[in-house]
Amino acid sequence: NVTSTQFNVNTTVSGSYRTTGSGNWLSNSGTPAIWERFNGSAWVTSNSPSYNTSNIVFIRNGHTINTGGSWGSSVNMFINSGARFNVNHSGTSANLTILDGGSVTVNANLSMSSSGVLEVQDNGTLTIDFEYGNPLTSLWAGTELYHPDSNLIFNDFDCADEYLIYDNTSISTHTFGSYSAAFGNVIFDFGNNLAANDDWIMLDSGVNINMAHGDLIFRSTSSGADMRIATTGTVNSGIGGDFIVEDIYDNTRAITFKTSGLMDFTIQGDMELNAATTRIHAGSAGTGTTLNINGDLRITPSAVLNMNPSSAAGPYAKLFLMGDVDVAGSGLLTNGNSQVQGEFYFIGSGDGLTDATTQTIDIASTSSIENRYITFYVENDSYVKQINRNFELGSNSALLVRFGGTYDFGFNG
């Protein structure tokens, strides 16, 4: 064995740029004086990188950089923790890496090189506040690498004309911990940016890849637009985290999983509805949606889960739940289709001896249409316990306990 003397390993490429402060990025300019360049051994004061630089550019912690003009064709960008990059002019990046705690806001046409990588690491954030004409030829032109706890936020988008996921190959998927998906956390925070004709269909027909490793969060929207996970064809998708509608989401709007064709959608975490109306299916005969929730279902006051608002015979809506269900007073679980029963299956496995082996049901029946036109099934090996003695069958509803299943009314003694 040989022990060497101490030495430094420097992986910074000569010619790289880094920020020393915040300001506008102007091409090859000495003002503002917020740039340094690495000469191979040290960082020295420098003009800003030119817009067409092929060098590496680091935006560092605490610094906010705004583009000052159309930029880039082969620039390699790193947005460090605590740094912010605002894309206010069209530009193309060879590679763009948003590190843990870094943030990029897209206010203009940000494109990626076809051979480039757009990487958003855990706790990194990419915010889209721009209506792309065709993101497949710009933002999604390269390879996407969204880590499981990365954030993709939509403040604005051409929802009326563009999908989130067009097919099974245009958006890169990656596997983390045996789960494969396109994005990390996806957050819809449109505020007042959408008009009445800006309803969004997120998944095109035939998509069978998972949307997100993490959560799907509906934060805010205008009073005009509804969200549809998918419409036509057969779609199989899901998310690795929670499905959340936050309490500031517009209560007049609807979020629908499927409006025609067939869908199988799996939520690996919880479904938490705090506002608006969420519909499992809204279609015609021969169509249907199966929604699988591997965690809990919570419906708080002001929120509605309508299994199927259609009035046609034939379309189905099925919900398979592994966790607990809790519907607060003024919250609503219902089925609007009097011709086809909604099907609600308890599929957890347990013996009722512990919380982990018990599915609880607590539905505050405060509405005349609560639980109507729904058949509840307690499947084989499931142990379902009623707590607070809150569960009332609605109009034309039923509770069926399969062989091997247990329904505990929660009475003591």
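Trainee: Is Asn-371 buried or exposed?
Mentor: This is a predicted model: local features need pLDDT of at least 70, side-chain atom pairs count only at pLDDT 80 or more, and totals for chains, interfaces and linings use all residues. Residues are numbered from 1 along each chain as its sequence is written, and side-chain values use heavy atoms, without hydrogens and water. Buried means under 20% relative accessible area, exposed over 50%, partly exposed in between (1.4 Å probe, protein chains only). Asn-371 has 0% relative accessibility, so Asn-371 counts as buried.

Trainee: What is phi of Asn-371 near?
Mentor: Asn-371 lies in the loop between strand S35 (359-363) and strand S36 (374-378). Strands are DSSP runs of E, at least two residues, and helices are runs of H or I, at least four, both numbered from the N terminus. Asn-371 is a residue other than glycine with a positive phi, near 65°.

Trainee: Which class of accessibility does Asp-381 fall in?
Mentor: Asp-381 sits in the loop between S36 and strand S37 (383-386). Its phi is also positive in a residue other than glycine, near 80°. The relative accessibility of Asp-381 is 40%, so Asp-381 counts as partly exposed.

Trainee: Which residues does a cis peptide bond join?
Mentor: Look at the loop between strand S2 (23-25) and strand S3 (35-38), where Pro-32 is placed. Omega is about -5° at the cis bond, which joins Thr-31 and Pro-32.

Trainee: How many helices and strands are in the chain?
Mentor: The C-alpha trace spans about 80 × 60 × 35 Å along its principal axes. The chain has 413 residues, and 53% of them are buried. Its count is zero helices and 39 strands.

Trainee: In what order do the seven strands of the open sheet run?
Mentor: Two strands pair if DSSP finds at least two bridges between them. The edge strands, S22 (234-239) and S38 (398-401), each pair on one side only. The twist averages 15° from one strand to the next. Pairing is parallel, and the order is S22-S25-S28-S31-S34-S36-S38.

Trainee: Which residue in S34 stands opposite Phe-320?
Mentor: Strand S31 (residues 316-321) and strand S34 (residues 342-346) pair in the parallel sense over four bridges. Opposite Phe-320 stands Tyr-345.

Trainee: How many bridges join S7 to strand S9?
Mentor: S7 (residues 71-79) pairs in the parallel sense with strand S5 (residues 56-59) over four bridges. There, Ile-56 stands opposite Asn-76. Trp-71 has Gly-91 in S9 as its bridge partner. S7 and S9 (residues 91-98) run parallel, and the bridges joining them number six.

Trainee: Which residues have the most contacts inside the largest nonpolar core?
Mentor: A nonpolar core is a set of buried Ala, Val, Leu, Ile, Met, Phe, Trp, Tyr and Cys residues joined through side-chain atoms within 4.5 Å. The largest one has 93 residues, and those with the most contacts inside it are Met-211, Phe-218 and Phe-243.

Trainee: Which strand supplies the largest share of this core?
Mentor: The core in question has 93 residues. Its largest share, four residues, comes from S7.

Trainee: What does Phe-243 contact, beyond four places in sequence?
Mentor: Contact means heavy atoms within 4.5 Å. Phe-243 is one of the residues with the most contacts inside the largest core. Its partners are Leu-216, Phe-218, Ile-255, Phe-257, Ile-267, Asp-270, Met-271, Glu-272, Leu-273 and Thr-278.

Trainee: What does the side chain of Thr-287 contact at 2.8 Å?
Mentor: Thr-287 lies in the loop between strand S27 (277-279) and strand S28 (288-293), and its 7% relative accessible area makes it buried. A polar contact is a pair of N or O atoms within 3.5 Å; within protein, one must be able to donate a hydrogen and the other to accept it, and residues adjacent in sequence count only if both atoms are side-chain atoms. A polar atom of the Thr-287 side chain is 2.5 Å from the backbone oxygen of Ser-284. The polar contact at 2.8 Å is with the side chain of His-281.

Trainee: How far apart are the C-alpha atoms of Leu-136 and Glu-162?
Mentor: Leu-136 is in the loop between strand S13 (125-129) and strand S14 (143-146). At 26% relative accessibility, Leu-136 is partly exposed. Beyond four places in sequence, Leu-136 contacts Ala-141, Tyr-166 and Ser-170. Glu-162 is 26 residues from Leu-136 along the chain, and their C-alpha separation is 9.6 Å.

Methods. Axes are lines fitted to C-alpha atoms, for helices over the stretch in contact, and angles run from 0 to 180 degrees between N-to-C directions.
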